[in-house]
Structure formats: structure tokens, C-alpha cells
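Please have the coordinates open beside you as you read.

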Amino acid sequence: DRQTLVAVLQFLRRSNLRESEEILRREARLLGDELGNAALSPAGPLGAPGADGDHASGEALLSRVAAAAPIAIGGSVAAVASSSPGVTAVTALPPGKGVVVEDQPDVSAVLSAYNQQGDPTLYEEYYSGLKHFIECSLDCHRAELSQLFYPLFVHMYLELVYNQHESEAKSFFERFHGDQECYYQDDLRVLSSLTKKEHMKGNETMLDFRTSKFVLRISRDSYQLLKRHLQEKQNNQIWNIVQEHLYIDIFDGMPRSKQQIDAMVGSLAGEAKREANKAKVFFGLLKEPEFDVPLDDEDEEGENEEGKPKKKKPKKDSVGSKSKKQDPNAPPQNRIPLPELKDSDKLDKVMNMKEAARRVRLGPECLPSICFYTFLNAYQGLTAVDITDDSSMIVGGFADSTVRVWSVTPKKLRSVKTAADLSLIDKESDDVLERIMDEKTASELKILYGHSGPVYGTSFSPDRNYLLSCSEDGTVRLWSLQTFTCLVGYKGHNYPVWDTQFSPYGYYFVSGGHDRVARLWATDHYQPLRIFAGHLADVTCTRFHPNSNYIATGSADRTIRLWDVLNGNCVRIFTGHKGPIHSLAFSPNGRFLATGATDGRVLLWDIGHGLMVGELKGHTDTIYALRFSRDGEILASGSMDNTVRLWDAVKAFEDLETDDFTTATGHINLPENSQDLLLGTYMTKSTPVVHLHFTRRNLLLAAGAYSSQ
Amino acid sequence: MEPAKMASPKSAPKDAQVMAQILKDMGITEYEPRVINQMLEFAYRYVTTILEDAKIYSSHAKKSSVDADDVRLAIQCRTDQSFTSPPPRDFLLDIARQKNQTPLPLIKPYSGPRLPPDRYCLTAPNYRLKSLQKKVSSTAGRITVPRLSVGAVSSRPSTPTLGAPSAQTVSVSAKVGTPVSLSGQRFTVQIPSSQATVKSATPTTPTVQNVLINPSLIGPKNILITTNMVSSQSTANEANPLKRKHEDDDDYDNL
């Protein structure tokens with residue numbers, strides 16, 4: 001923060017505000033230690049004289065700044081708060097393009113939060129003036145310029161509230177909140193309850209909104225028009241506000257239509273900047289190891305250990321040997337360390353391949369059968385469900401903080417014998433794995449106690465040895481499925497954890513919660529390995545990419561971000577949903593992502609290009625479950641409206657316009673083909689669908705709790 | 001649950017009406033009726049806490065009466081204590097940057113179950129949850145009276161073969177018959193309880209209805225007392241028609 005003060009002093013000097021600079025120097029020296037002429041005391045208040053509110057706010061600011069690490073301040077240090085309305089406010093420097101990287105802790109942004117532009121009583125004039133201008137502009141520009149309304153409205157309102165002009169804020173809100181788009185209504189309702197500065201203190205989302213720049217994408221022509229209008233003398237104030245709170249990403253080309261814009265907006269931070277989606281993403285799959293598979297079609301027994309000579313000749317596994325060359329889109333095998341393949345994993349893979357051979361090929365003519373598991377008597381306490389990959393066990397997380405595991409097959413759940421009994425068995429026998437199991441404990445249901453709050457997420461490990469559960473008590477627990485006891489409690493989030501998932505290769509898992517970050521853990525580290533911070537609101541859904549190198553997080557700020565596991569960078573930001581995201585699904589080939597939110601739409605994204613490629617309308621309520629079939633031909637979606645819908649994924653991803661123009665400008669033209677892609681709608685008897693799972697043979701399993709209304 | 005019925009304006013006290021109006025203003029349209037009571041209780045408790053704190057501060061400052069500054073100070077102190085909010089964004093970005101700089105650790109091959117050091121695991125608990133299920137006496141002639149127990153403790157996680165209600169609720173718990181001692185003490189009835197059903201923390205009706213019988217009424221030993229177990233027995237956990245219906249006999253023998 002010492003550096004912050006120095007930077008502010010330099011800025012004041014550069015802007016020829018000698019008086020303010022002197023006052024700041026004097027007051028800083030008054031309070032503080034002497035640290036040489038370059039450095040100043042960190043406790044000096046920051047503010048122009050005469051502003052009574054600024055002292056307290058300045059100190060609060062500095063204490064906050066002190067908490068942050070030393071930051072490099074580029075050219076865009078914001079102005080010092082001005083005191084009287086009559087004085088023209090010191091304008092903020094134009095946003096330094098490229099200097100302020102979006103995700104760096106931006107102290108200047110925090111400082112700018114305290115700035116006050118102009119006279120509070122004139123805010124209504126500014127806004128209505130702009131409104132009039134935009135409404136009178138040409139049709140082609142109007143849609144784009146209308147994007148300005150919402151962020152400007154919110155920022156101006158928050159500024160009035162923050163600077164404690166309550167009555168002006170209230171009348172401002174009353175007058176203009178009806179003009180906003182319908183998909184912002186939820187936000188506006190939250191805003192209407194924020195009438196005092198103190199209300200904002202606890203609301204991290206609103207604070208972040210104030211300090212981050214809302215991104216708008218406008219064509220060059222529209223931007224020129226706007227700039228010319230606002231830079232006229234009387235509109236200088238609103239130009240300052242625009243510059244301070246909005247980031248306008250300009251592109252060359254045709255202005256977008258209202259429909260195109262509506263598809264992409266909706267998130268709390270506006271759209272994504274083009275360079276946010278430019279990083280290379282390795283969306284290909286990792287190569288599967290090759291090994292021999294004995295060819296026995298009729299044989300259902302489990303004696304398929306590799307290399308065991310059978311009467312028929314063993315056939316080489318064709319999946320692994322197909323692509324000898326490295327897929328350019330696939331990450332190198334050792335990009336992130338992955339656990340080695342154990343013998344039991346190899347056996348599992350062989351089983352998987354045998355099942356895959358018997359898999360039903362799905363398509364529009366051949367729809368999957370759906371088997372629905374209804375949880376009865378759950379009294380709306382069912383909060384999470386997961387099914388193992390081989391569909392042998394199902395776990396439910398409940399609001400009474402229990403985790404219950406059921407065996408779906410006739411084979412019961414057994415726990416391992418106690419140590420005393422284990423020493424008695426014959427370790428050399430062939431069925432030692434059966435002998436270690438204690439028959440006395442066989443049951444279909446196991447209840448796991450340990451959490452102290454509702455369990456919001458559950459995940460089986462791929463080798464079926466472990467189970468993860470995350471809960472409102474802020475911990476993620478690892479349970480052993482061999483002893484049915486809790487092994488580890490991972491503490492890190494101190495707030496409810498909304499979702500967790502094991503990596504497809506095991507060992508790593510991701511969790512996301514109310515503290516707006518997602519964390520990557522490994523089972524043998526008690527602290528997270530990676531922290532993915534950047535979302536403006538809670539992280540509600542976390543999923544691994546099939547190659548385990550990327551993690552997708554969906555959040556209540558209505559964006560989906562794709563993070564790189566290797567270095568924690570955010571490589572993609574997808575905006576377009578109009579409500580918090582509750583379900584994510586990667587396609588099996590790793591190229592596409594499907595997302596579902598409370599707005600009832602399923603959106604399809606091309607990860608490589610970073611574009612929205614499809615929109616599936618049909619559901620009328622939140623979509624809590626999304627799953628692609630095993631070969632990616634069908635996308636199944638389950639929702640609170642008690643239906644499961646099947647969509648034709650092959651057709652949806654068929655012809656994509658991904659030429660240079662699209663990627664450069666982000667113009668998307670979504671075809672209105674939801675009806676064509678919908679293959680079937682299946683209603684349940686008032687049971688919202690919470691989980692979907694395709695078995696290895698492409699039978700669709702669904703789960704939900706019966707709710708009697 | 002049935003959709004919430006708003007308290008009729010005539011009968012609800014003024015505070016409740018105000019609370020209902022607040023909920024409506026915040027856009028909450030569906031809520032259970034007890035929510036208003038809980039909100040009122042919270043409001044009352046919060047305000048009294050703040051005002052008590054403010055009284056302490058004002059007496060500490062030797063003022064004659066409590067004024068707005070005291071209240072403001074009280075609110076500020078309590079906010080940091082009770083209503084913590086997640087860390088601010090710049091702080092999170094900073095710690096994320098520090099954490100993400102370290103490369104991912106290499107994985108040692110063939111190292112058995114990969115768990116953190118024992119200190120951070122829960123693999124060595126120094127307590128054991130008491131199992132409430134005793135040996136089943138299989139003779140048909142024995143009768144036992146159900147035992148009312150409050151705050152049922154959960155059984156060991158590994159063998160919850162019978163319906164065990166959650167620990168939070170004060171509900172009567174089903175005990176598979178305990179040894180009968182007809183010595184005037186409590187008796188338990190052997191109830192063929194079903195397998196565990198899925199239930200939530202706050203059932204409005206206990207899933208198992210037990211009958212407490214006055215010991216003095218028990219005469220001969222052959223009174224068979226049946227209880228109503230409709231809710232828990234008739235439900236199956238899975239609607240899978242292919243699955244064999246559960247047989248409870250196996251579970252009994254295992255106790």
C-alpha cells in the first residue's frame with residue numbers, strides 16, 4: 001500500500017493537482033512513520049479536504065488495500081474523491097488498454113469505487129438524456145447501444161447509494177428500473193433492497209460488480225456515434241461514468257441485431273472480452289493405453305485378465321491403436337501428472353470395452369430406454385445424487401446431512417473385515433478379494449454420518465473405492481467404500497460447498513462453493529493444489545474435462561469459465577445464460593460443452609473456438625441434470641419441470657459456422673432448430689429430475705425425489 | 001409440502017403482517033408458514049443483541065442514554081462476528097495467484113491409498129458410536145413393549161441395516177426387539193421394521209409409530225401388539241421392477 005500511495009502522489013503530480021498533493025503529503029506525514037522520501041506512511045488518509053465522508057472511507061479503503069499484496073499500478077489510477085458538487089470531478093484516466101489485465105487485483109478499481117462523478121441530483125438527467133439519444137438513433141445502432149442501459153443504471157445507482165445519497169438513489173431507481181430488460185429482473189430486485197451503504201458491505205457480489213468493469217461489445221460505428229455524442233460539453237459527466245465503469249470491446253463489422261445480442265448477454269459482468277477466449281485449449285482426449293483383450297463374446301464371467309490364454313486368439317484392442325499420431329488438439333500425456341494404471345483399473349477398462357462392444361448405438365431412430373430411480377419419503381431432502389460409472393451403486397446426499405449408498409445390482413454392499421479377522425484368512429487363495437469382505441455386514445444400504453449440514457454434492461471415484469461428499473458445513477469429505485467410514489475431511493472453503501467431482505482418472509477432485517472460488521485438490525494433500533478465482537458470485541457447478549486438464553465451473557453470476565489445471569488460468573468465459581448455472585456436461589469427444597441454468601435453456605458451446613453454437617429451448621424450469629450418451633449422439637437433460645428431454649447432439653454440432661469472421665467478431669447466428677433437435681420428452685409423476693447417467697450400454701438412468709405437489 | 005398459506009390479515013399480529021409484507025417485497029412468494037415465526041424470532045434476537053451491546057457501549061462512554069453512535073458501533077462489531085462474508089475478490093485473486101504458481105506435485109507410483117498424513121485424516125477416531133440394535137430374539141412368544149427414546153443416536157455407519165432416524169429429530173425409534181425382562185421395567189415390542197427408507201431431517205410424522213404401553217396393563221405374555229408401519233414399509237427405494245424385492249430376514253440374522 002506504500003506503493004499505492006506513491007502511485008497516487010505521482011498521479012496527482014502528473015495531473016497538476018499540486019494542492020491536493022501537498023495536502024496528502026502533509027497528512028500522511030502527520031500520522032505516520034518516516035520511511036524516506038519515496039515511501040509514505042501507509043496509514044495516511046486519502047481524500048480531498050472538506051469531504052467529511054471521505055476520511056472514514058479513505059481509511060477503510062487503505063485498510064483494504066493493505067490486505068492486498070503490492071500491486072503494479074499501470075496508467076489507470078483513478079481520481080481522488082472530489083468534495084463539492086460544484087467542482088468538476090477529476091476525471092479518471094481512460095482505461096488503459098492492456099495495462100489492466102482483468103484478473104489482476106486492481107487497486108485502482110477499488111480506489112475508483114470511491115470516486116464520485118458529478119452532482120447526484122443530476123444523475124437522472126444524465127440517464128434520461130442518454131436514453132433519449134439512444135432511442136433516437138438509427139435502428140441498426142440502437143440494439144447495440146441499448147446494452148448500455150443496464151450497466152449504467154446499476155453503476156449509477158450503486159454510486160448514489162455508496163455515497164449516501166439515499167433519496168436521489170431511490171427516485172433514480174423508481175424512475176428507470178422498469179426500462180431494463182426482463183432477464184435482469186432478479187438483479188434489480190436485489191438492488192432495490194440495497195438502499196444504504198451498509199447494506200452493500202456484506203454483499204460481496206455487488207461490491208465486486210462495482211469494482212469490476214462491465215464488458216460490452218459494440219461495433220466501431222456505433223461506438224463512434226456514442227463517443228461523439230457523449231463528448232459534447234454537456235454530456236461530459238456521463239462520458240466519465242461510462243469510461244470508469246464500462247469496458248467497451250470494439251470490433252469492426254456489422255452491428256449486431258437484438259437477437260444476437262440477447263443470446264450473449266445476461267451475465268453479471270457483461271460479455272466476455274475477445275482476448276479472454278483466445279487462449280489455446282487442448283480439448284482432445286488423452287490416448288488410452290493399449291493392451292490385449294481376450295476375444296470371448298459369449299463369456300460373461302469375470303475371468304478376463306489380460307494375457308490369459310483362451311481358446312480363441314486374443315484380439316488387439318482397436319481403440320488405442322487407432323490414432324498413432326498425436327492429436328494436435330490433445331494435451332501431451334504428461335502435461336499434468338496423472339496416477340498410473342493399477343491392475344484393477346486395467347481390469348475395469350477391459351470390462352468397459354466388453355460392455356462397449358454390446359453398446360446400443362443411439363440415434364434419432366433408436367432412442368435409449370430410461371430407467372428412473374425415485375427416492376420416496378425424502379421430504380424434499382434429497383440434494384445430491386451420483387451413480388458409479390459401471391452403474392453398480394447409487395449415492396444420495398440429503399438435507400439431514402447423511403450420505404446414503406445403495407447397491408443397484410443384486411450384489412450387496414460389504415465392508416472389509418476387522419484387522420483381527422483379516423489376519424486369519426488365507427492370503428494366497430484365489431478369491432482373497434472376496435474373503436476380505438465381511439459377510440455379516442452385507443446390506444443394500446449404507447448410511448454415512450459425518451457432515452453437519454446438508455450434503456450438496458457427491459461423486460464416486462472412477463475405481464469405486466472412494467466417495468466424495470461436500471456440504472453446507474464447508475468441508476469436503478472422502479469416504480472409503482470398502483470400510484464405509486470417513487477417511488478425510490478437506491477444509492478450505494469456509495462457506496457452503498455447492499458441488500464436487502472426482503477427476504475421470506481419479507486422485508484429483510474439484511470443489512466449488514459460496515466463496516466464489518473453485519479449488520482443485522488431490523486426495524493426498526490436505527490443502528488445495530489450485531484455486532480458481534474470478535467468478536463474481538457463488539460457484540454452483542464444477543466438472544472435469546474428459547482429459548482431466550481443464551475444469552469448467554458454472555456460477556451464479558451466469559457465466560461458465562473454463563480453467564486450466566496446469567496453471568490455474570481462466571482460458572474461456574462463456575456468457576449467455578440468464579440465470580445461475582446448475583448443470584454442465586462435456587461431450588465425450590471433449591470438443592463441446594453443454595450447460596443448463598435456471599432459465600430453462602440448454603446452451604451448447606464449442607470449446608476450441610470459444611463460441612456458442614446452439615441453444616435448446618423446451619424446458620420450463622431449472623435444468624439440474626445434463627448428460628451426453630456414451631458416444632455423444634444424444635444429449636439428455638433433466639429438469640425441475642419433471643421431464644427428461646432427449647436432444648439430437650450429432651445434428652446440433654453438425655454444420656458449424658466457424659469461419660474467421662465469426663471467431664473474430666463473436667457474431668453468432670443461432671438457428672431456431674430446438675424443435676428439430678428435440679427427440680423426445682418424458683414426463684415423470686411430479687418428480688424433478690436431479691441426476692442422469694448413461695450406463696456403459698447406453699441405457700439412461702435417471703434419479704429424483706418424489707415431491708407430492 | 002403444501003404451498004404456504006399466508007396468515008389472514010385479521011388474525012395475524014401486526015409484526016407478522018409486517019414480516020409477510022417484507023417477504024413479499026423481497027420477491028419471496030412461496031414459503032412455509034413457520035418461516036414468518038423464524039424470521040420474527042431472528043429479528044427480535046438480533047435487535048435485542050444490538051441494543052444490549054449499545055447499552056454497554058454507552059455506559060462505558062459514561063453517557064446518560066443510548067444514542068445512534070452507540071448503536072452504529074454495536075452493529076459494526078456484531079457484523080464482523082456473526083455475519084461474516086466471503087473474502088473480497090482482490091484477496092482471492094491474490095492467493096489464487098500464489099497458489100497457482102507452484103507446479104503440480106508428481107505422483108509417486110504404487111503407493112497404496114493416497115491419503116494425507118495421518119494427522120489430517122479421520123482414520124483414527126477415538127470414539128465409537130454406540131449401536132442401539134441388540135440381538136434379535138427370534139422366539140415368537142416373546143413380546144416386548146416399545147421403548148421411547150429421545151434423541152436417538154445413530155448406529156455405527158457400517159451396519160445401518162434398519163431404519164434409523166436421524167440424530168436431530170426427537171422421534172421414536174424403532175428398536176428391533178431387545179431381551180425381555182418382565183420385571184416391571186420398560187418393554188420393547190418386536191416390530192418388523194422395514195429396511196431403511198429415505199427420510200429427511202424433519203419428518204412431520206414419525207415414520208414408525210410406536211405404542212407405549214403402561215406396564216401395569218401387561219398381563220399374560222402373549223399380547224401381540226401391532227403397530228402401524230404403513231409409511232415406511234410400503235415404500236421401496238427403487239422403482240426398478242427388475243430388482244428383487246428386499247427380504248428383511250437376512251438383515252435380522254446379521255444382528
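1. A definition to begin with: two strands pair if DSSP finds at least two bridges between them. Helices (H or I, at least four residues) and strands (E, at least two) are DSSP runs, numbered from the N terminus. This is a predicted model, in which local features need pLDDT of at least 70 and side-chain atom pairs count only at pLDDT 80 or more, while totals for chains, interfaces and linings use all residues. Residues are numbered from 1 along each chain as its sequence is written, chains are lettered from A and ligands numbered from 1 in the order in which they are written, and side-chain values use heavy atoms, with hydrogens and water left out.

2. Let me start with strand E29 of chain A, residues 634–639. On one side, strand E28 (residues 623–628) of chain A runs antiparallel to E29(A), joined to it by five bridges, and A:Arg627 stands opposite A:Ala636 of E29(A). Five residues lie between the two strands of this hairpin, and A:Gly632 has a positive phi near 85° there.

3. E29(A) also pairs with strand E30 (residues 643–648) of chain A, again antiparallel and over five bridges. Here A:Gly638 stands opposite A:Val644 in E30(A). The hairpin of E29(A) and E30(A) has three residues between the strands, and A:Asn642 in the turn takes a positive phi of about 65°.

4. How many residues of E29(A) are buried? Six of its six are, so the strand is mostly covered; buried means under 20% relative accessible area, exposed over 50%, and partly exposed in between, with a 1.4 Å probe and protein chains only. In a regular strand the side chains alternate between the two faces of the sheet. In E29(A), A:Ile634, A:Ala636 and A:Gly638 point one way, A:Leu635, A:Ser637 and A:Ser639 point the other way, and all are buried.

5. Another item for your list is an open sheet of four strands in chain A, with the order E6-E7-E8-E11 and antiparallel pairing. Its edge strands are E6 (382–387) and E11 (445–448) of chain A, each pairing on one side only. From one strand to the next the twist averages 20°. Strand E8 (residues 403–407) of chain A is joined to E11(A) by four bridges, and A:Arg404 stands opposite A:Ile447 in E11(A).

6. Helix H11 (residues 204–211) of chain A is largely enclosed by the rest of the structure, because seven of its eight residues are buried. Those buried in H11(A) are A:Glu204, A:Thr205, A:Met206, A:Leu207, A:Asp208, A:Phe209 and A:Arg210.

7. Over all chains, the structure holds 43 salt bridges, each a side-chain nitrogen of Lys or Arg within 4 Å of a carboxyl oxygen of Asp or Glu. One of them links A:Lys258 and A:Glu181 at 3.0 Å, N to O. A:Lys258 lies in helix H14 (residues 258–264) of chain A and A:Glu181 in the loop between H8 (166–176) and H9 (185–192) of chain A, so the pair ties together parts that are 77 residues apart in sequence. A:Lys258 is partly exposed at 40% relative accessible area, and A:Glu181 is partly exposed at 28%.

8. Which salt-bridge partner does B:Arg114 have? The partner is A:Glu340, with the closest N and O atoms 3.1 Å apart. B:Arg114 lies in the loop between H4 (89–101) and H5 (230–233) of chain B, and A:Glu340 in the loop between H15 (318–321) and H16 (343–357) of chain A, so the pair joins two chains. Both B:Arg114 and A:Glu340 are buried.

9. A:Asp390 and A:Arg464 form a salt bridge, with their closest N and O atoms 3.3 Å apart. The two residues also belong to a network of salt bridges that links A:Asp348, A:Asp389, A:Asp390, A:Arg464, A:Arg630 and A:Arg696.

10. Finally, the cysteines: a search of the whole structure finds zero disulfides over all chains, a disulfide being a pair of cysteine sulfur atoms within 2.5 Å. For A:Cys486, the closest cysteine sulfur is in B:Cys121 at 9.2 Å, too far for a bond. A:Cys486 counts as buried at 13% relative accessibility, and B:Cys121 counts as buried at 10%.

Definitions and conventions:
Axes fitted to C-alpha atoms, helices over the stretch in contact; angles between N-to-C directions.
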